[in-house]
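This briefing covers helix packing, domains, the ligand shell and backbone geometry. The structure is shown first, and the notes follow by topic.

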Amino acid sequence: MQHAAQRWDAIVVGGGPAGSSAARRLASGGARTLLLEKQRHPRYKPCGGGLPLHALTEIDTPIDDLFEGQVDTLEISHPSGRRFRKSHGGPFASLVMRDRLDARLLDAARDAGAQVHEGEPLRRLSATGAPGRAIAETALGRYEAPLLIGADGATGPTARAAGLDDAVPRSAAWELEIEAPPAALDHWAGVANIDVAYRPWGYGWVFPKQGRLSVGIVLPPGHGRRIRALTDAYAARLGLRGAPVHIARGHPVRYRRGTRRPVARGPLLLAGDAAGLADEFTAEGIHYALRSGRLAAEAALDGLGRDGATADAAARYLAAVNREIQPELDAARAISRMYYWCVSTWAALALRVSEWVDYLWRAFFRVMRGESTYARELSRAGLGLTRRLL
Ligand SMILES: Cc1cc2nc3c(=O)[nH]c(=O)nc-3n(C[C@H](O)[C@H](O)[C@H](O)COP(=O)(O)OP(=O)(O)OC[C@H]3O[C@@H](n4cnc5c(N)ncnc54)[C@H](O)[C@@H]3O)c2cc1C
């Protein structure tokens, strides 16, 4: 016999940045909110933990004590040995360990009133009738709500269950947490390295943390098979061969391209990596996860009636994502194609030009610091570059 489902105003699946952001907003807005998380926090998430300053605008709980460091300088390198540094003069990103950041964000959702069930993965998801209800089943219970936000990352089940994961390209990313010798930690203090040698696009990174370096590579869809060997070669090139590696893990990143791909259907709304909201220039996804979680919650709260029904949340959410997030992702993709194509096709010339054109790096720092956007810089770039070259 099937047990009656517990009724909620909203269910959130996944307790990463997207899910915690959504649950916090929903609970603060008065919605009785249940969050189901597969693991128990703090849990490791493969991630460089690079948090550009623009991402901080979406976090309204104190996290400064979690910063492992900040970077104000970018070093661009190439296997040929060519490298150059550009400094902003002030920080453009903070570095965090994701287990600690995500646990803090989940606590904030709990403090706002969301009920959090950790260690309780979603097993089955179904959506029914009009106005639409979602039923989530786990090994421990059945839960029902007029709205469910799928925030279960790039490999979670909600996008598949909603029929919304077709043809969203996935790239591979591989991360090593390396206990680096003091000389290497000194060398990278305040500096992020971006290594640009990968075809057809992709990059390697070094992000400095407390006593460790996060070293990794992200490659485009279909190129994941060579990622471990490339990451090992990159670490060796950085002089880190033999340094203790605490964690070596990979995870896909998904990319939504264009405004036509749906991110919601009936009572199911997808946020963060589940919806493919990561940018293809830096593979940055934390900011878009936080933001889309907030937008999904706002769309839900706007339509939450006294009878608990949520009218038109899917349409409102799609419009909000297409207005506030997708233009950035599309601009980042265009920049990514241009920049990585240039540096992998005419490496020496492209590196010399990009070292020389300071404008590029000022624009990049503006975007990272939240003073501008990729879309704005892309539309200005043609003009700025022409002026500079003339
Ligand atoms: C190697 C690597 C490096 C990266 N580096 C950066 C970086 O430096 N900066 C940056 O901004 N972005 C980075 N990203 C991207 C970033 O990690 C993601 O975009 C971000 O984590 C997305 O957040 P999310 O909340 O959507 O998903 P996640 O953080 O993946 O959270 C999803 C949650 O859902 C839970 N879940 C999964 N299945 C279920 C289930 N069945 N039931 C219940 N819960 C479930 C998971 O346990 C997890 O806690 C990187 C990605 C990779 C792979």
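In this predicted model, helix α6 (residues 286-303) packs against helix α7 (residues 313-324) at an angle of about 145 degrees, and their axes are 9 Å apart. The protein is divided into domain 1 (6-45 + 98-167 + 256-328), domain 2 (67-95 + 169-253) and domain 3 (342-389). A ligand is surrounded by 39 residues.

**Packing of α6 and α7**

- The crossing of α6 past α7 is right-handed.
- On the α6 side, the contact is made by R291, S292, L295, A296, A299, A300, D302 and G303.
- The α7 side contributes A313, R316, Y317, A320, V321 and E324.
- Sorted by class, the residues of the contact of α6 with α7 are eight nonpolar, two polar and four charged.

**Packing of α1 and α2**

- Helix α1 (17-28) and helix α2 (residues 98-111) have axes that come within 8 Å and cross at roughly 20 degrees.
- The two helices are therefore roughly parallel, α1 to α2, since angles under 35 degrees count as such.
- α1 passes α2 in a crossing that is left-handed.
- From α1, the residues making the contact are P17, S20, S21, A23, R24 and A27, and from α2 they are D102, L105, L106, A108 and A109.
- Seven nonpolar, two polar and two charged residues make up the contact of α1 with α2.

**Packing of α8 and α9**

- Between helix α8 (residues 326-345) and helix α9 (residues 347-356), the packing angle is about 130 degrees, with the axes 5 Å apart.
- α8 and α9 are therefore oblique to each other.
- C342, V343 and S344 of α8 make the contact with A347, A350 and L351 of α9.
- The contact of α8 with α9 has five nonpolar residues, one polar residue and no charged residues.

**Domains**

- Domain 1 is assigned the segments 6-45, 98-167 and 256-328, while domain 2 is assigned 67-95 and 169-253.
- Domain 3 is assigned residues 342-389.
- The centres of domain 1 and domain 3, taken over C-alpha atoms, are separated by 35 Å.

**Ligand shell**

- Of the 39 residues that surround the ligand, the closest are G14, G16, G153, G272 and G285.
- The shell around the ligand takes at least two residues from each of α1, β3 (33-37), β14 (170-179), β18 (245-254) and α6.
- Both domain 1 and domain 2 supply at least three residues each to the shell around the ligand.
- The shell consists of 17 nonpolar, 15 polar and seven charged residues.

**Backbone geometry**

- H41 and P42 are joined by a cis peptide bond, with omega near 0 degrees.
- P42 sits in the loop between β3 and β4 (50-52).
- The peptide bond between R199 and P200 is cis, with an omega of about -5 degrees.
- P200 is found in the loop between β15 (191-195) and β16 (203-208).
- A283 is not a glycine, yet its phi is positive, at about 60 degrees.
- The loop between β20 (268-270) and α6 holds A283.

Conventions
Residues numbered from 1 in each chain as written. Predicted model: local features only at pLDDT ≥ 70, side-chain atom pairs only at ≥ 80, totals over all residues. Axes fitted to C-alpha atoms, helices over the stretch in contact; angles between N-to-C directions. Helix = DSSP H or I, 4+ residues; strand = E, 2+ residues; numbered from the N terminus. Left-handed = near helix turned anticlockwise from the far one by under 90°. Contact = placed C-beta atoms within 7 Å. Nonpolar A, V, L, I, M, F, W, Y, C, P; charged D, E, K, R; others polar. Domains from an automatic or database assignment. Near = placed C-beta within 6 Å. Parallel < 35°, antiparallel > 145°, perpendicular 65-115°, else oblique.
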